[in-house]
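Hello,

Here is the structure you asked for.

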2 protein chains.
Amino acid sequence: MTTEAETDVQDGRDEAFSKWYIDTVLKAELADYTAVRGSMVIRPYGYAIWELMQQYVDRELKATGHQNAYFPLLIPLSFIQKEAEHVEGFAPQLAVVTHGGGEELTEPLVVRPTSETIIYDMLSKWIESYRDLPVLLNQWANVLRWEIRTRPFLRTAEFLWQEGHTAHATFEEADEEALLILKLYVRFIQDELAIPVYQGRKTESEKFAGALSTFTMESLMGDAKALQMGTSHNLGQNFSKAFDVTFLDREGKRDYPWSTSWAVTTRLIGALIMVHGDAKGLRLPPRVAPYQVVIVPIWRKDEDRDKVEPLVEDVRHALGDAGVRVKTDWRDQVTPGFKFNDWELRGVPLRIEIGPRDVDSESVVIARRDTREKTHAPVSGIVDEVHTLLEAVQANLFAEAARYVAAHTSSADTWDELRERLIDPGGFVTVNWCDSKECEIALAAEKATVRAIPLDDREAASSGPCVCCGRPASFRCVVARSY
Amino acid sequence: MTTEAETDVQDGRDEAFSKWYIDTVLKAELADYTAVRGSMVIRPYGYAIWELMQQYVDRELKATGHQNAYFPLLIPLSFIQKEAEHVEGFAPQLAVVTHGGGEELTEPLVVRPTSETIIYDMLSKWIESYRDLPVLLNQWANVLRWEIRTRPFLRTAEFLWQEGHTAHATFEEADEEALLILKLYVRFIQDELAIPVYQGRKTESEKFAGALSTFTMESLMGDAKALQMGTSHNLGQNFSKAFDVTFLDREGKRDYPWSTSWAVTTRLIGALIMVHGDAKGLRLPPRVAPYQVVIVPIWRKDEDRDKVEPLVEDVRHALGDAGVRVKTDWRDQVTPGFKFNDWELRGVPLRIEIGPRDVDSESVVIARRDTREKTHAPVSGIVDEVHTLLEAVQANLFAEAARYVAAHTSSADTWDELRERLIDPGGFVTVNWCDSKECEIALAAEKATVRAIPLDDREAASSGPCVCCGRPASFRCVVARSY
């Protein structure tokens with residue numbers, strides 16, 4: 001049982017983590033608050049991380065046959081209302097344009113919270129026969145969902161994302177597509193962001209408004225709360241029917257296409273901070289670090305500056321030519337110690353210090369941000385050494401995060417046990433679950449939700465009673481407190 | 001003097017050109033109309049052109065020290081009202097969000113028509129001293145300006161652009177920046193889009209709402225009308241003062257930074273069509289062509305298909321490996337002739353035809369889209385031949401466009417002469433100009449405007465009377481009918 005004292009400790013920890021998160025976002029100049037409630041500015045350093053994420057995802061989506069397009073920002077309110085579950089899910093979050101060009105509009109337009117409706121309206125013009133399928137579209141865009149409680153990157157009214165929208169001739173093809181994208185996302189988040197994910201599907205009440213099934217990836221943040229990292233939906237024929245999109249199949253029979261949608265967002269920048277960050281600030285995985293290496297020249301007197309400059313420039317060029325993203329910090333109004341702190345705060349994976357003695361010894365000091373270990377490396381082999389260390393940092397950040405997940409994953413057979421596990425160790429708790437609305441409500445009272453039902457049938461199989469109501473369970477699943 | 005019959009002919013030509021333009025946009029699947037008045041969908045083929053434009057501009061902006069960021073879509077209405085000229089210019093074009101999350105907002109928010117105001121509000125937090133300058137920001141974003149008459153790409157309510165915003169310690173630095181960007185744009189449009197531009201600055205009444213001076217690039221479309229291709233503004237201290245952005249200079253004195261803003265938009269896709277297109281459709285310059293080469297295999301019987309396939313694949317791989325964007329059209333439900341027309345419509349610079357006889361002769365036919373010339377090329381030297389031809393197409397499209405501009409540039413000393421020149425040859429007419437409001441009104445009655453005052457002082461110098469009022473002219477400038 002949770003005592004009041006325990007709850008206070010928990011709340012205190014939550015508050016401290018939350019404060020650390022906001023401080024890190026602001027001090028590392030990733031984002032800033034604006035005068036517009038719930039909206040943030042993504043500052044250059046934060047945006048550079050997003051661009052590296054975009055490059056990877058965009059390349060992988062194109063390699064799997066998807067094409068980028070751009071659909072309108074403003075959507076007629078009546079479109080949102082065509083799919084029953086969709087409007088129920090999104091109506092409370094809409095921003096509505098009522099006036100344009102100085103006049104009241106005859107029909108209000110909503111700022112897109114997502115683009116299914118406007119895209120299906122177009123597909124009804126573009127799709128005639130099976131030859132036009134599959135349609136594999138993606139869009140990089142801003143979307144807006146009016147949120148009460150916001151936090152930079154994690155939950156803001158406006159955010160940036162890619163939204164994929166595809167249409168297929170059969171249910172099977174659509175389901176394959178939704179799972180293909182899930183795998184693509186998992187590779188992206190694990191390999192590039194160095195964040196372990198738990199894959200699965202959502203329960204009825206947690207799935208996307210209008211979807212047949214929603215596949216999800218869940219990760220644990222540094223406070224042992226889960227974060228939904230991205231979702232991929234099999235929409236069935238729901239939107240095709242709502243927007244009367246039909247096609248002639250190979251037999252000349254008219255049918256509704258089966259479709260999917262899927263997205264990852266700037267929220268992932270928040271995940272990077274919360275998974276890898278420490279008391280000194282960010283720790284960025286090299287693959288999404290705007291600067292992978294920062295060179296800090298060490299000098300006091302001008303003659304020392306003149307002495308180190310050629311070597312600093314040589315190292316910078318050698319690394320730059322080898323494809324390493326490198327920054328040299330020549331600022332003269334701050335000390336080397338200030339610079340060390342500054343770049344540690346910003347999470348640059350490697351720091352190279354070059355002083356007058358290093359010029360004499362033809363070697364430099366390389367400091368790792370993740371372990372804070374320092375090594376001496378001869379200048380002659382600097383490129384290989386940096387590549388090796390960058391790979392080591394990338395691997396170590398993933399390994400550290402994986403250990404954290406392992407330490408914060410447990411299972412529970414009874415309600416009391418579940419309540420305890422949600423606090424200690426926190427994180428993911430595996431339970432038998434009946435899949436009823438009532439049990440989800442009971443779970444919500446514990447500030448927890450079902451995060452994912454395993455995709456693997458054996459893993460999801462249950463023979464025991466529901467941890468909540470004791471009736472026969474439908475499956476084993478993972479529950480957690482979450483963002 | 002223009003007779004009524006002449007006006008009818010002119011109107012007829014305008015209408016035909018306009019119809020050809022829209023037909024080309026729709027048939028080549030660059031864009032489509034949507035249910036939202038004034039908004040378009042940019043379809044994958046059109047968006048791929050935009051991505052190639054983005055890549056070039058983004059790379060050049062980063063190489064000149066600019067950083068990308070992202071500012072909010074929604075801006076408080078009161079912000080827009082802070083700079084007097086700015087609100088006057090943009091107020092009639094605003095889309096206004098009055099409701100969010102089911103409630104009426106206490107202050108309406110506008111969908112950004114441009115982002116100066118929200119950015120300056122942030123700069124007032126970020127800039128403290130001369131050490132924080134220059135600020136060199138860029139944003140890739142959607143913007144919205146309520147337009148009465150719209151046309152895909154050329155003028156739509158919502159469009160995509162990059163908007164640069166910079167702040168500097170001195171007027172001179174800001175002016176240099178505005179001109180640096182103008183040169184960057186000119187290189188982009190001439191070298192990549194193969195479109196000649198006329199550079200200059202705008203008159204008082206044509207400049208950006210809130211700018212000290214606006215630099216512009218003007219090009220002639222295929223109907224001899226001018227199109228503004230992009231602008232770069234020296235904003236002076238107008239926005240700094242309106243948003244109380246100040247900095248401590250080197251002497252410890254508080255001052256307002258000097259700033260610039262500049263943009264190019266998806267309108268440039270419209271320019272590509274109107275400058276290079278012909279009766280068969282698009283003619284894309286190779287540097288911004290999503291596919292630079294399309295391979296059309298020729299076969300009737302299955303055995304012929306089997307025979308040509310290995311060579312088609314070899315050529316595709318060789319070109320792909322050499323960095324050529326290449327597409328193979330294996331569709332079996334349409335004829336080679338249909339494919340030829342289809343890819344000509346889409347403006348692919350080179351078509352390679354490969355049939356059974358080509359396999360025997362180890363050579364292929366390459367057809368140029370621009371001149372429609374065909375050449376035979378041995379397979380062994382295909383990569384070099386394609387590179388040479390792509391460069392030739394790029395150069396030829398620019399040369400053709402430059403000849404068109406030369407044939408549609410004239411000068412006029414009297415009002416009657418000007419009115420005649422505006423119709424025959426049309427295009428740019430150079431005149432002496434007094435720079436008065438009244439003369440601009442008289443010019444507007446001829447459906448023309450001052451497009452640009454030359455940047456070169458000697459070119460702009462005038463000793464004659466104003467072509468309109470006869471008073472001493474302030475400068476020589478270029479007038480034209482325009483989009």
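A:G100 has B:A95 of β5(B) as its bridge partner. Five bridges join strand β5 (residues 95-100) of chain A to β5(B), and the two run antiparallel; strands are DSSP runs (E, at least two residues) numbered from the N terminus, as are helices (H or I, at least four), and two strands pair if DSSP finds at least two bridges between them.

This is a predicted model, in which local features need pLDDT of at least 70 and side-chain atom pairs count only at pLDDT 80 or more, while totals for chains, interfaces and linings use all residues. Residues are numbered from 1 along each chain as its sequence is written, and chains are lettered from A and ligands numbered from 1 in the order in which they are written.

Chain B superposes on chain A by a rotation of 180° with 0.0 Å of shift along its axis (RMSD 0.0 Å), fitted by least squares on C-alpha atoms of residues with pLDDT of at least 70 in both copies. The two copies are thus related as by a two-fold rotation axis. In chain B, the C-alpha nearest the axis belongs to B:V97, at 2.1 Å.

In the interface, 42 residues of chain B are in contact (C-beta atoms, placed from the backbone, within 7 Å) with 42 residues of chain A. Strand β5 of chain B gives the most to its side, with six residues. Of the interface residues of chain B, 98% are also interface residues in chain A, so the copies meet through the same surface.

Regards

Definitions and conventions. Contact = placed C-beta atoms within 7 Å.
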